[in-house]
Amino acid sequence: MAAEQSLNVASLLREHLESASPDLLREMVKTFADLLMSAEADALCGAEYGERSPERTNSRNGYRAREWDTRAGTVELAIPKLRQGSYFPDWLLQHRRRAEQALVSVVATSYLLGVSTRRVEKLVAQLGIKQLSKSQVSEMARHLDAQVEAFRNRPLDAGPYTFVWVDALVIKVREHGRTINVHALVAVGVNDDGGREVLGLEISSDEDGAGWLAFLRSLTARGLAGVRLVISDAHRGLVSAIGAALPGAGWQRCRTHYLRNLLAKVPKSAQPWVATLVRTIFDQPDTDAVAAQFTRVLDMISEKFPDAAEHLDDAREDILAFTAFPTELWRQIRSNNPQERLNKEIRRRTDVVGIFPNRAAIIRLVGAVLAEQTDEWTEGRRYMGLEILRKARLTPITTSQNPEPATPPAEIAA
């Protein structure tokens with residue numbers, strides 16, 4: 001790309017948009033990458049392209065072409081050359097995002113395990129990559145697997161982790177000549193500094209109590225401690241697993257998931273009315289108001305739908321566990337919505353693959369996505385304030401699987 005063109009951003013973007021080319025996204029990626037490299041080369045030269053300046057220390061000497069594989073397609077980059085020394089954009093071409101490497105590696109694994117050529121070609125087209133060499137694939141897989149393994153087995157030493165969200169995603173995998181469903185168990189926690197981090201990932205054949213118990217015990221073995229509340233859907237066997245692996249922790253049933261279960265108990269025509277009533281329970285300003293509104297809503301529903309009212313009454317303790325904690329945290333801990341947003345990001349990547357060739361490929365891709373998300377959370381602002389977290393740790397809670405109020409650890413109480 002000529003330097004004059006690289007400096008005229010508006011003109012280039014206008015050309016791309018007016019052409020309505022199917023390769024618009026790829027061309028825009030190329031334009032911005034070239035612009036960034038041009039700006040970096042200008043900084044190394046001490047002056048912009050063609051500018052006469054006493055501060056100039058070097059000058060341009062043409063370009064060299066380099067292919068760059070991205071999910072928008074294979075982009076032909078124009079890397080600036082310098083008259084003295086050399087320039088190479090390490091930040092662009094060497095430090096590939098882990099999830100991008102994972103997707104490429106999954107495609108390569110599909111080739112090696114004999115997945116149909118048609119399916120692999122479809123994957124390659126969606127990823128926008130022209131070709132892959134075996135040596136490139138092997139090197140990327142080895143590098144990525146080591147990163148993901150280190151992330152999954154790192155010590156959980158940033159605790160106490162006061163709040164933990166857990167969820168499971170169903171993913172298809174091919175095993176022993178047939179396609180089966182496996183469950184990716186994921187846990188996210190709030191650490192001592194008020195930030196979120198992904199605590200663990202495990203692939204389980206079944207979403208039962210044994211799978212959850214093994215997963216939670218693996219987290220405690222790595223250092224998970226100080227958990228006051230676990231937020232999740234009503235996964236089979238999860239509540240008993242929490243009581244066994246995390247004694248002293250309460251359980252909050254996700255209100256969003258619960259409402260879906262409750263609405264199945266009433267006619268479709270009445271579902272909007274019931275949903276609106278139940279939501280008013282969670283809009284109250286304090287614990288007493290929540291309890292009073294719950295009773296009023298229960299009475300109103302029981303007049304028309306006694307089965308639904310019984311279902312709601314049985315779930316009272318599970319869906320109101322959040323009220324034991326400071327009101328400032330209620331919005332964040334009464335549902336699994338934060339985890340749902342993470343699940344959407346995982347789904348966005350796994351849907352490209354469809355059926356995974358093996359469980360290792362699932363761990364490679366999902367683990368890379370989770371590692372990236374944790375990095376982003378680390379660089380962002382705190383999810384919860386330190387003072388409010390301290391108050392939450394001192395909150396005594398009583399649950400059905402833990403009838404005695406939990407005593408805060410001595411170091412926290414101090």
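**Helix pairs, cores and a few residues**

Mentor: Let's start with a helix pair: helix 16 (residues 337-353) and helix 17 (residues 359-379) pack at an angle of about 145°, with their axes 10 Å apart. Axes here are lines fitted to C-alpha atoms, for helices over the stretch in contact, and angles run from 0 to 180 degrees between N-to-C directions. This is a predicted model, where local features need pLDDT of at least 70, side-chain atom pairs count only at pLDDT 80 or more, and totals for chains, interfaces and linings use all residues. Residues are numbered from 1 along each chain as its sequence is written, and side-chain values use heavy atoms, with hydrogens and water left out.

Trainee: Is the crossing of helix 16 and helix 17 left-handed or right-handed?
Mentor: Right-handed. A crossing gets that name if the near helix is turned clockwise from the far one by less than a right angle, and left-handed if anticlockwise.

Trainee: Which residues make the contact?
Mentor: From helix 16 they are Leu342, Glu345, Ile346, Arg349, Thr350 and Val353, and from helix 17 Leu365, Val366, Val369, Leu370, Glu372, Gln373 and Trp377. Contact means heavy atoms within 4.5 Å.

Trainee: And how do they divide by class?
Mentor: Eight are nonpolar, two polar and three charged. For the classes, Ala, Val, Leu, Ile, Met, Phe, Trp, Tyr, Cys and Pro count as nonpolar, Asp, Glu, Lys and Arg as charged, and the others, Gly among them, as polar.

Trainee: Let me step back. How many helices and strands does the protein chain have?
Mentor: There are 19 helices and eight strands. These are DSSP runs numbered from the N terminus, with helices (H or I) of at least four residues and strands (E) of at least two.

Trainee: What share of the protein chain counts as buried?
Mentor: Of its 414 residues, 49% do. Buried means under 20% relative accessible area, exposed over 50%, and partly exposed in between, using a 1.4 Å probe and protein chains only.

Trainee: How many residues are in the largest nonpolar core?
Mentor: That core has 40 residues, and Phe163, Val278, Ile301, Leu312, Ile333 and Met384 have the most contacts inside it. Helix 11 gives the most to this core, with six residues. A nonpolar core is a set of buried Ala, Val, Leu, Ile, Met, Phe, Trp, Tyr and Cys residues joined through side-chain atoms within 4.5 Å.

Trainee: What does Val278 touch?
Mentor: Leaving out residues up to four places away in sequence, Val278 touches Leu259, Leu262, Val297 and Ile301. There is also a second, separate core of 29 residues, which includes Ala361, Leu365, Leu370 and Trp377.

Trainee: How do helix 10 and helix 11 cross?
Mentor: Their axes come within 10 Å and cross at roughly 145°, and the crossing is right-handed. Arg255, Leu259, Leu262 and Leu263 in helix 10 meet Gln271, Val274, Ala275, Val278, Arg279 and Phe282 in helix 11. By class, that contact has seven nonpolar, one polar and two charged residues.

Trainee: New topic: is Gln252 buried or exposed?
Mentor: Gln252 counts as buried, because its relative accessibility is 0%. Gln252 sits in strand 7 (residues 250-253).

Trainee: Which backbone atoms lie by the side chain of Gln252?
Mentor: A polar atom of that side chain lies 3.0 Å from the backbone oxygen of Ile319 and one lies 3.2 Å from the backbone nitrogen of Ala321. Gln252 also touches Asp318, among others.

Trainee: Where does Asp318 lie?
Mentor: Asp318 is in helix 14 (residues 316-319), and is buried at 18% relative accessible area. Asp318 touches Trp251, Gln252 and Arg253, setting aside residues up to four places away in sequence. Asp318 and Trp251 are 67 residues apart in sequence and 6.6 Å apart in space, C-alpha to C-alpha.

Trainee: What about the backbone at Gly159 and Pro160?
Mentor: A cis peptide bond joins those residues, with omega about 10°. Pro160 is in the loop between helix 7 (134-152) and strand 3.

Trainee: And what is phi of His176 near?
Mentor: Phi of His176 is near 55°, a positive value in a residue other than glycine. His176 lies in the loop between strand 3 and strand 4 (178-190), and is exposed, with a relative accessible area of 81%.

Methods: A polar contact is a pair of N or O atoms within 3.5 Å; within protein, one must be able to donate a hydrogen and the other to accept it, and residues adjacent in sequence count only if both atoms are side-chain atoms.
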